[in-house]
Amino acid sequence: MERIKIWSLIIAIIAILGTNILATEGSAGGTGNYSDGKTAWLISNETVVWNETIIMEKGIQIFAGGKLVLMNVTLKMKGEDLDIIVEENGALYISDYDNNSSTSVDRSVITRFDEDSIYRIEVKKGSVFEMRNSELNYVYWALDIETDGVLIENNIITGTTIWMDEVKNSKIANNTIMDIQYPIYYGIVLYYECINNQIINNTIYNTKGVWVASSPNNQIINSRIYNNTGGIRISGVSD
């Protein structure tokens with residue numbers, strides 16, 4: 001009788017904690033609208049994935065009301081025309097597993113599968129985007145951001161420009177951004193009407209540096225920009 005009570009208590013605890021109890025260190029899994037990567041991820045609810053490595057042969061689209069959380073997840077984008085799109089009122093969170101920037105083995109990584117693979121990331125206005133303690137490699141064209149309040153912190157970003165257009169109140173901090181060539185060459189671009197954004201403590205090299213175009217009242221603080229063909233380019237603004 002006592003054993004039945006104990007098991008009843010355990011089941012009750014699992015029911016209260018929900019899926020969080022599944023995300024134990026070392027285990028792999030997820031909840032919500034995700035698959036093995038052979039079909040597109042169409043995210044319309046809360047989807048959480050942890051400790052997985054997935055070859056993505058189709059794209060990801062996060063719709064209004066959808067939320068995708070990646071923790072210690074590696075996505076290898078395989079194909080010549082793949083998109084990761086965060087629609088208005090959708091949300092994408094990319095992070096490590098333990099929320100500790102000093103540990104690197106549990107980073108999330110988004111990268112191309114091989115040199116022939118092409119993928120894009122578009123974060124539309126009115127959506128949510130955060131990337132922390134992770135890696136992003138070789139996004140075609142750029143990490144294209146149009147929404148406000150973005151956080152990009154403690155990441156390694158290779159071969160990928162952070163392109164912001166009409167973005168406000170965002171923070172790009174403590175990242176290493178490097179080795180950017182075709183087609184934009186810059187590490188960070190605040191392109192038009194980007195206001196009150198912070199670029200803090202970043203290391204940017206083997207790029208053209210940072211370009212601020214027609215975007216007033218932004219801060220670039222304590223960043224190391226070296227071995228570039230440029231530096232900090234400011235055009236179309238007086239502040």
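This is a predicted model: local features need pLDDT of at least 70, side-chain atom pairs count only at pLDDT 80 or more; totals for chains, interfaces and linings use all residues.

User: Noted. Which residues are closest to its centre?

Analyst: Arg112, Tyr138, Val139, Gly159 and Tyr182 are the closest to the centre, out of 16 residues that line the largest pocket.

User: And how does the lining divide into nonpolar, polar and charged?

Analyst: The lining of the largest pocket has 9 nonpolar residues, 4 polar and 3 charged.

User: You mentioned Arg112. Which residue is its bridge partner?

Analyst: Met77 pairs with Arg112, which sits in β10. The two strands there are β7 (residues 74–77) and β10 (residues 109–112), running parallel and joined by 4 bridges.

User: What does β10 pair with besides that?

Analyst: β10 also pairs with β13 (residues 135–137), again in the parallel sense, over 2 bridges. There, Val109 has Glu135 of β13 as its bridge partner.

User: Switching to whole sheets. What's the strand order in the open sheet with mixed pairing?

Analyst: That sheet has 9 strands in the order β1-β3-β6-β9-β12-β15-β18-β21-β24. Its edge strands are β1 (29–31) and β24 (219–221), and each of them pairs on one side only. From one strand to the next, the twist averages 5°.

User: Pick a pair inside it. How many bridges between β12 and β15?

Analyst: 3 bridges, with β12 (residues 128–132) and β15 (residues 151–153) pairing in the parallel sense. One of the residue pairs to look at is Arg132 with its bridge partner Glu153 in β15.

User: Now the open sheet with parallel pairing. What's the order there?

Analyst: 9 strands, ordered β2-β5-β8-β11-β14-β17-β20-β23-β26.

User: Why is one side of β2 and of β26 left without a neighbour in the sheet?

Analyst: β2 (41–43) and β26 (231–235) stand at the edges with a single partner strand each, so one side of each has no neighbour in the sheet.

User: Last one: which residue in β8 stands opposite Ile60?

Analyst: Ile84 in β8 stands opposite Ile60. The strands involved are β5 (residues 60–62) and β8 (residues 82–86), a parallel pair with 3 bridges.

User: And what do side chains do along a regular strand in general?

Analyst: In a regular strand, they alternate between the two faces of the sheet.

How values were computed:
Residues are numbered from 1 along each chain as its sequence is written. Side-chain values use heavy atoms; hydrogens and water are left out. On a 1 Å grid over the protein atoms alone, a cavity is a set of points where a 1.4 Å probe fits but cannot get out, and a pocket is an open set with protein on both sides within 12 Å along at least five of seven lines; lining residues have an atom within 4 Å of a point. Ala, Val, Leu, Ile, Met, Phe, Trp, Tyr, Cys and Pro count as nonpolar, Asp, Glu, Lys and Arg as charged, and the others, Gly among them, as polar. Two strands pair if DSSP finds at least two bridges between them. Axes are lines fitted to C-alpha atoms, for helices over the stretch in contact, and angles run from 0 to 180 degrees between N-to-C directions.
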